[in-house]
Amino acid sequence: MLQTEPRCSAQEIYNLPLMDLLFQAQSVHRAHFDPNLVQCSKLLSIKTGGCPEDCAYCSQSARNGSALSASKLIEVQRVLAEARRARDTGATRYCMGAAWRSPKERDMPAVLAMVRGVKALGMETCMTLGMLDADQALRLKDAGLDYYNHNIDTSERYYPEIIGTRSFQDRLDTLDRVRAAGINVCAGGIVGMGETAEDRVSMLETLAGLDVPPESVPINMLMPMAGTPLADVPKLDPLEMVRTIATARILMPKSHVRLSAGRSEMSDELQAMCFFAGANSIFVGEVLLTADNPGEDRDAALFAKLGLRAEMRAETEGCAA
């Protein structure tokens, strides 16, 4: 069965016997992508810590009692030097993240220069800067921004348990502004924060139900951070991560689904199951903002073991990720 029958709800898909779910997800994946090709991005924190938001999972929040100190926005030339190294080691997209509620006007010239500089290196550009207004989105587009990341994190029902300083609708409004500016959308969420399976499905339904589904859907497994409210949350059954990836693939067949944070805690076998379930994008490098990530050597060994290969720049031309 290559397509979901109309009578199947997203929850019914998620609850399928695992072998049936994986077969369906892999069949959908093969209908739209090369199953052995993985898009690789590199993520750099351009401004770390001191964020005024209260996201319960985040060590960068000034409200969470984390020992992480705030830093200033790093220099443009340092960002470009890091981007050049990422390009030379195989990354095709460079993602830059700042711990802000939203960008301040004084920081926009440097941010726009980063976008222009990374674009000039021949890489796809991605930013995650918090909430945007319409003018900021248009200026980022004019500078050459390809993707904007703004995760919805979880379901609308569970969202107030995780974040109180901005609403679920605030997230959707930023995504609308990004889309209206002509920038590709990167939006996903986090599993393992104490939510239910129904919350995970609702999150995916929200993303799939946007006027245009996100071109890139990062699925993160919570990495509990000391000092945060979720530091001691019980670990999620890893197969729930696999079910989330597979359901995302079926609901958003043309989107790249990124196996994102949490890979450093995953076995090779679990990662292989996630790739089989339809994940076809990862972050490379040893750090994701403030969380650990497998290094290039481990990823290269895993790719060789599984017969996977990284997308090259020519293969990403014209592709939505």
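Trainee: Is the crossing in which helix 8 passes helix 9 left-handed or right-handed?

Mentor: This is a predicted model, in which local features need pLDDT of at least 70, side-chain atom pairs count only at pLDDT 80 or more, and totals for chains, interfaces and linings use all residues. Residues are numbered from 1 along each chain as its sequence is written, and side-chain values use heavy atoms, leaving out hydrogens and water. A crossing is left-handed if the near helix is turned anticlockwise from the far one by less than a right angle, and right-handed if clockwise. Helices are DSSP runs (H or I, at least four residues; strands are E, at least two) numbered from the N terminus, and helix 8 passes helix 9 in a crossing that is right-handed.

Trainee: How are helix 8 and helix 9 oriented to each other?

Mentor: The axes of helix 8 (residues 197-208) and helix 9 come within 10 Å and cross at roughly 25°. Axes are lines fitted to C-alpha atoms, for helices over the stretch in contact, with angles from 0 to 180 degrees between N-to-C directions. Angles under 35 degrees count as roughly parallel, over 145 as roughly antiparallel, 65 to 115 as roughly perpendicular and the rest as oblique. Helix 8 and helix 9 are therefore roughly parallel.

Trainee: Which residues of helix 10 make the contact with helix 9?

Mentor: The axes of helix 9 (residues 238-251) and helix 10 come within 8 Å and cross at roughly 20°. Contact means heavy atoms within 4.5 Å. On the helix 9 side, the contact is made by Pro238, Leu239, Met241, Val242 and Ile245; on the helix 10 side, by Leu270, Met273 and Cys274.

Trainee: How many aromatic pairs does the structure hold?

Mentor: Rings of Phe, Tyr and Trp (its six-membered ring) pair if their centres lie within 6.5 Å; planes under 30 degrees apart count as stacked, over 60 as edge-to-face and the rest as tilted. Tyrosine 159 and phenylalanine 168 form an edge-to-face pair, 5.5 Å centre to centre with 75° between the planes. Phenylalanine 275 and phenylalanine 303 also pair edge-to-face, at 6.3 Å and 90°. The number of aromatic pairs is 2.

Trainee: How many residues apart in sequence are the parts that phenylalanine 275 and phenylalanine 303 tie together?

Mentor: Phenylalanine 275 lies in helix 10 (residues 268-276), and phenylalanine 303 in helix 11 (residues 296-306). The pair therefore ties together parts whose separation in sequence, in residues, is 28.
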